[in-house]
Amino acid sequence: MAWFVISLISAVGAILIALGLFRYVVKKDPGTEKMQQISQAIKEGALAYLRRQNQVLFIFVIVMCVIIGAVATYTKGFSIGVGMAISYVLGSFCTTLAA
């Protein structure tokens, strides 16, 4: 029980610090026109990279889902295999959302 309370306090503290840093950054001056152009170019490049990365990972996740599902179904049974495959896809999806 103590670990649960410690982890809960740590999580709330981390969220409060993140919110404080977010507010601090948002209040800052966006800079000159040239700085804003460079920032926009970096943002576009990062989004293009993430889009391409997600396309490649989508294929990888589907292939691994089939492999995990097939192996787990063969060794543990159909319901376990399907559950593991779905869990893998959901975990990958949540990881993508977190990025």
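**Figure 1. Radius of gyration and overall extent of the chain.** The chain has a radius of gyration of 21 Å, whereas a compact globule of 99 residues would have one near 13 Å. The radius is taken over C-alpha atoms, and the globule rule is 2.2 Å times the number of residues to the power 0.38. Along its principal axes, the C-alpha trace spans about 60 × 45 × 10 Å. This is a predicted model, in which local features need pLDDT of at least 70 and side-chain atom pairs count only at pLDDT 80 or more, while totals for chains, interfaces and linings use all residues. Residues are numbered from 1 along each chain as its sequence is written, and side-chain values use heavy atoms, with hydrogens and water left out.

**Figure 2. Secondary structure and surface of the chain.** The chain holds 3 helices and 0 strands, in the order α-α-α along the sequence. Helices (H or I, at least four residues) and strands (E, at least two) are DSSP runs, numbered from the N terminus. Of the 99 residues, 7% count as buried; buried means under 20% relative accessible area, exposed over 50%, and partly exposed in between (1.4 Å probe, protein chains only). The accessible surface comes to about 8500 Å², with 75% of it belonging to carbon and sulfur atoms. Accessible areas come from the Shrake-Rupley method with a 1.4 Å probe, and for residues only the protein chains shown count as cover.

Figure 3. Helix H1 covers residues 2–27, 26 residues in total, and reaches 38 Å from its first C-alpha to its last, close to the 38 Å expected at 1.5 Å a residue. The expected span is 1.5 Å times one less than the number of residues. The number of buried residues in H1 is 0, so the helix lies largely in the open. Ser7 lies in this helix and is partly exposed, with a relative accessible area of 42%. Its C-alpha atom is separated by 24 Å from that of Thr96, 89 residues apart along the chain.

**Figure 4. Packing of helices H2 and H3.** Helix H2 (residues 33–76) and helix H3 (residues 78–98) pack at an angle of about 160°, with their axes 7 Å apart. H2 and H3 are therefore roughly antiparallel to each other (angles over 145 degrees count as roughly antiparallel, under 35 as roughly parallel, 65 to 115 as roughly perpendicular and the rest as oblique). Axes are lines fitted to C-alpha atoms, for helices over the stretch in contact, and angles run from 0 to 180 degrees between N-to-C directions.

**Figure 5. Asn54 in helix H2.** Asn54 is found in helix H2 and counts as partly exposed, at 33% relative accessibility. The C-alpha atoms of Asn54 and Val71 are separated by 25 Å, with the two residues 17 apart along the chain.
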